[in-house]
Amino acid sequence: MKRFIGFVTKEFYHIFRDKRSMFILFGMPIAQIMLFGFAITNEINNVNIAILDQSKDNETHKIINKISASPYFHIEQEINSEAQIESIFKKGKVKAVLVFQNNFIKDLQTKKQAKVQIITDATDPNIANTITNYINAILQNYLLENNAINQPNYQIQTQTQLYYNPELKSVFTFVPGVMTVILMLVSAMMTSISITREKELGTMEILLVSPLNPLQVILGKVFPYIFLSVINAIVIVTLGVFVFGMPVQGSLFLLALESILFIITALSLGILISTVSNSQQTAMMLSLMGLMLPVIILSGFIFPISSMPLPLQIISNIIPAKWFIIIIKAIMLKGATIQIIWKETLILIGMTLFFIGLSIKKYKIRLE
Amino acid sequence: MSEENIISVHNLSKVFGDFTAVNTISFDVKKGEIFGFLGANGAGKTTAMKMLIGISKPSSGDAIVAGFDVKTQSEMVKKSIGYMSQKFSMYDDLTIKENITFFGGIYGLSKVQIKEKTKKLIEELQLEAVASKLVGSLPLGWKQKLAFSVALLHEPKIVFLDEPTGGVDPITRRQFWEMIYAEAHKGTTLFVTTHYMDEAEYCDRVSIMVEGKIEALDTPKNLKKQYNVDSMNAVFLKLARNIE
């Protein structure tokens, strides 16, 4: 035990004296969560739009006022002809143009229907989509108000309820995602680099010649990163809750346990990487290409798995991060208990055991 | 196997696939001896040494180091030996004191022992002024001497030195060998691999490995006589040419 403490102390010296490690460990999580939380978002706010009102009547004015009163849109300019649409899009000044056709009010009164055209700049498809939905909602709202006076024969009202994330806040998906990425990065990449560093420097040989057995060496190297990863997880959840209003509906204890399980999964991957690479560079490349990319792309963090082509959907099952994201989303947003997420938990445990077994086997081969 | 032999190697071999790195070597090393283990690059000396220090399992044959069988008691072997590798192997981002504390700790020394040893070691090497500086800032010669002293921290019976003087200047090498002599006087056995043939002259006995086999083993004086030359360098060249 005393030896173990000595070993861990030495490991902390390495970490605290290396600026790059310190940055990855503490700067990165905060920077990432802030970036994802504030900058990268699917919500729209104050989007510039233009209006082409060919009718210029009372009703179109009412609608335009409604739109400009909403916090989502800012009416940048009113244009006079369709020919201008193309040129203002090209200048990039507005994201959408709302076109009212001639005789809007007349059509409304005589034909009981009138046409509005929403033209969006779809170079950014997500935003274009959101803009269309928001404008539609405003128009529906206008119709409802007016119909209350005009009393049509009958109508169907859809009532939409969004469970677990009623405001469709993107931060709700980013907090679990960033947490997964960071834990993977810290646990797998940092441990694999720190183990291969000892190999590169030749100190691994000294450690193996010492009375410490290989298991003690590995545990000593890994332990500080478990500790630091737990701190990181706490920082991320705290930021998520207090800065972005992310709820934690389920038990914090279960969340902590599942996070530790995932940290161990990532560490076992890190150890596995270090057994197959002999230099820090190789370890870094393997971690980035082999772990980070799948975590970001295939885990469902950014791109929904259900809309991926079938082969990718199948591949996503072997990505531990996918299961962890399902687990923490369920705990944080839905208040899930272990009865609900036991399957995902078992999958993670199984993967961890598999990676550890494989590392031990590789390690032995190397020693022979 | 007399009691005086602290290392006894009998028909030791190591085979990787169809390549025989070490081919049935046998030799003994006496207690308190400075034993030179020579050979060209790739002659198999590092592989042989790895088997003796318990980190590589022999394919066949036996080796007893400090009274323990390397095949079955490698943990006991590790406790009885010190090791310094050809790469300078201390932590650059730890201070001298921290390095000593760490290596003392993994060899199971108590806090009091570590404190005493640290004080003594820093005094002997005259490192008082830099004791709290990072090892990375020291000149290579100092690092090497420090690494040697650290390998001796737990007072091992045998110290294995794998090309300990690679890349240091002649004066430091001279000083380094003085340290080796001093240690041998205390009764410690030193097992040294080296490329420098002038260093071979400092050893009590040397063995020369060529292509996995020990081709010569005697005192430097006898070897020179046997091959009728006046330097170990010439002995080495003659041996290597004969094989080719």
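The exercises below, each with a worked solution, concern a predicted model of chains A and B.

Local features here need pLDDT of at least 70 and side-chain atom pairs count only at pLDDT 80 or more, whereas totals for chains, interfaces and linings use all residues. Residues are numbered from 1 along each chain as its sequence is written, and chains are lettered from A, with ligands numbered from 1, in the order in which they are written.

**Exercise 1.** Determine how many residues of chain B and of chain A take part in the contact, and describe the side of chain B.

*Solution.* Begin with the criterion, by which two residues are in contact if their C-beta atoms, placed from the backbone, lie within 7 Å. The contact then takes 19 residues from chain B and 20 residues from chain A. Helix H2 (74–80) and helix H3 (96–106) of chain B each supply at least two residues of the side that touches chain A, and H3(B) gives the largest share, four residues. Finally, that side of chain B divides into eight nonpolar, four polar and seven charged residues, where Ala, Val, Leu, Ile, Met, Phe, Trp, Tyr, Cys and Pro count as nonpolar, Asp, Glu, Lys and Arg as charged, and the others, Gly among them, as polar.

**Exercise 2.** Work out the strand order of the open six-stranded sheet in chain B.

*Solution.* Strands pair if DSSP finds at least two bridges between them. The order is S6-S7-S8-S3-S9-S10, with mixed pairing. Strand S6 (81–84) and strand S10 (213–218) of chain B are the edge strands, since each pairs on one side only. Within the sheet, strand S3 (residues 34–39) and strand S8 (residues 189–194) of chain B run parallel and are joined by five bridges, with Ile34(B) standing opposite Leu190(B).

**Exercise 3.** Find which residues of helix H3 (residues 58–69) of chain A are buried, and which exposed residues lie on the face turned away from them.

*Solution.* Count the other C-beta atoms, placed from the backbone, within 10 Å of each residue's own: 20 or more means buried, 12 or fewer exposed, and in between partly exposed. The buried residues of H3(A) are Thr60(A), Ile63(A) and Ile67(A). They cover an arc of only 60° around the axis, which puts them on the same side of H3(A); the arc is that of the directions from the helix axis to the C-beta atoms. The face turned away from this buried side carries the exposed residues Asn58(A), Asn65(A), Ser68(A) and Ala69(A).
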